[in-house]
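Biologist: I am new to this structure and would like to learn how its features are read. Could we go through them one at a time?

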Amino acid sequence: MPALRYLLCPVVLCAMCSIPVHAADSDGQIWLLPTARIPLSDDLTTSIGAGARFSQDAGGLGQLLLRGSVDVSAAKNLTIGIGFGHFQNYQDHHESGAEQRLFQQANWAMGHALGGEWNSRTQLEERFGNGPVGVRFRERIQYRGPAFAGGPVRPVLSVELLADLAGATGGRSPRLNSMRESAGVSIALSQKISLDMAYLNIWAPREGQDKMLHVGYASMVYRF
C-alpha cells in the first residue's frame with residue numbers, strides 16, 4: 001500500500017492540470033452544501049446534508065437536494081457506508097423532474113505525502129427517476145495540505161472521475177461521464193465547525209459539444 005500511495009500522488013497532481021482547452025458549452029454555478037456528522041457509536045457515524053445549486057442555464061435555482069448516509073469503520077483507515085439522496089431539479093423557476101440516488105461508498109485514509117493528508121472515496125450510485133435505472137461509478141482522490149502558518153486554514157485539492165456503467169446509458173457500453181477538479185481551502189471555525197470553499201471545474205464530454213461547468217462551492221460541516 002505505501003508504494004501505491006506514493007504512486008497516486010503525482011498522478012493526481014498531473015490530472016488536476018489536464019482540463020481540456022478546446023471549445024465547450026460553459027455554465028457558471030454556485031453550490032451551497034451544509035452537512036452535519038453525528039457519531040452513533042465508536043465505529044458508526046451518520047451524515048445528513050442538504051443543499052442548493054444555482055445555475056445560469058437554469059435561470060437561477062437549478063437543484064435542491066437532501067441526502068444522508070451511514071458509515072462504519074471496517075478496518076484501520078477504512079470506512080464503508082450506504083446512503084440515499086433526493087434531488088429536485090428546476091428550470092426557469094419551475095420543477096423539471098426529480099431523481100433518487102442510492103449509493104454505496106468506501107473511504108480510505110491513504111496516509112501522508114507532500115506534506116499533507118491523502119484520502120480516496122470510491123462510490124457506486126444507482127439513479128432512479130429519469131427513465132431506466134442508471135449506474136454510475138465515482139472515484140475521488142483528495143489532498144489536504146498543512147495549515148498556513150499554523151493557523152486554521154488548509155489548502156484542499158481534489159480530482160474525481162465519474163463513469164456511466166453498462167446499462168446506464170440506454171444499453172451503450174461504459175463511458176466517461178465527467179471529470180471534476182477542485183482547488184480551495186478548508187477553514188476550521190471551531191473544534192466542531194469547518195467551512196470549505198473552492199473553485200470546482202467539471203468537464204463533461206458529450207456528443208457534438210462538451211459541457212464545461214465553473215462552480216463556486218461552499219460547504220459547512222458541523223461535527224457533533
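Biologist: Which residues make up the largest nonpolar core?

Modeller: Before I answer, please keep in mind that this is a predicted model. The largest nonpolar core has eight residues, namely Trp 31, Leu 33, Leu 65, Phe 87, Leu 200, Ile 202, Leu 213 and Val 215.

Biologist: With which residues is Trp 31 in contact, leaving aside its neighbours within four places in sequence?

Modeller: Under that condition Trp 31 is in contact with Ala 52, Arg 53, Arg 180, Leu 200, Ile 202, Val 215, Gly 216, Tyr 217 and Ala 218. As for Arg 53, its charged end sits over the ring of Trp 31, 4.0 Å from the ring's centre. Another core residue, Phe 87, has Arg 101 lying over its face, at 3.9 Å from the ring centre.

Biologist: How is a pair of aromatic rings described?

Modeller: The description rests on the distance of the centres and the angle of the planes. Here the count comes to two aromatic pairs. In one of them, the rings of Trp 118 and Tyr 143 have their centres 4.9 Å apart and their planes at 50°, so this pair is tilted. The pair links distant parts of the chain, since Trp 118 belongs to strand 7 (residues 116–128) and Tyr 143 to strand 8 (residues 134–144), 25 residues apart.

Biologist: Are Trp 118 and Tyr 143 buried or exposed?

Modeller: Trp 118 is buried, its relative accessible area being 2%, and Tyr 143 is likewise buried, at 12%. In the pair formed by Tyr 222 and Phe 224, the ring centres are 4.7 Å apart and the planes stand at 75°, so that pair is edge-to-face. Tyr 222 is partly exposed, with a relative accessible area of 30%, whereas Phe 224 counts as exposed at 53%.

Biologist: Why does Gly 184 count as buried, and where is its place?

Modeller: Buried means under 20% relative accessible area, and Gly 184 counts as buried because its relative accessibility is 18%. The place of Gly 184 is in strand 10 (residues 175–188). Leaving aside neighbours within four places in sequence, Gly 184 is in contact with Arg 154, Pro 155, Val 156, Met 197 and Ala 198. Although Gly 184 and Arg 154 are 30 residues apart along the chain, their C-alpha atoms are separated by 8.6 Å.

Notes: Residues numbered from 1 in each chain as written. Predicted model: local features only at pLDDT ≥ 70, side-chain atom pairs only at ≥ 80, totals over all residues. Heavy atoms only, no water. Core = buried A, V, L, I, M, F, W, Y, C linked by side-chain atoms within 4.5 Å. Buried < 20%, exposed > 50% of the residue type's maximum accessible area, 1.4 Å probe, protein only. Contact = heavy atoms within 4.5 Å. Helix = DSSP H or I, 4+ residues; strand = E, 2+ residues; numbered from the N terminus. Phe/Tyr/Trp six-rings, centres within 6.5 Å; stacked < 30°, edge-to-face > 60°. Lys NZ or Arg CZ within 6 Å of the ring centre and 35° of its normal.
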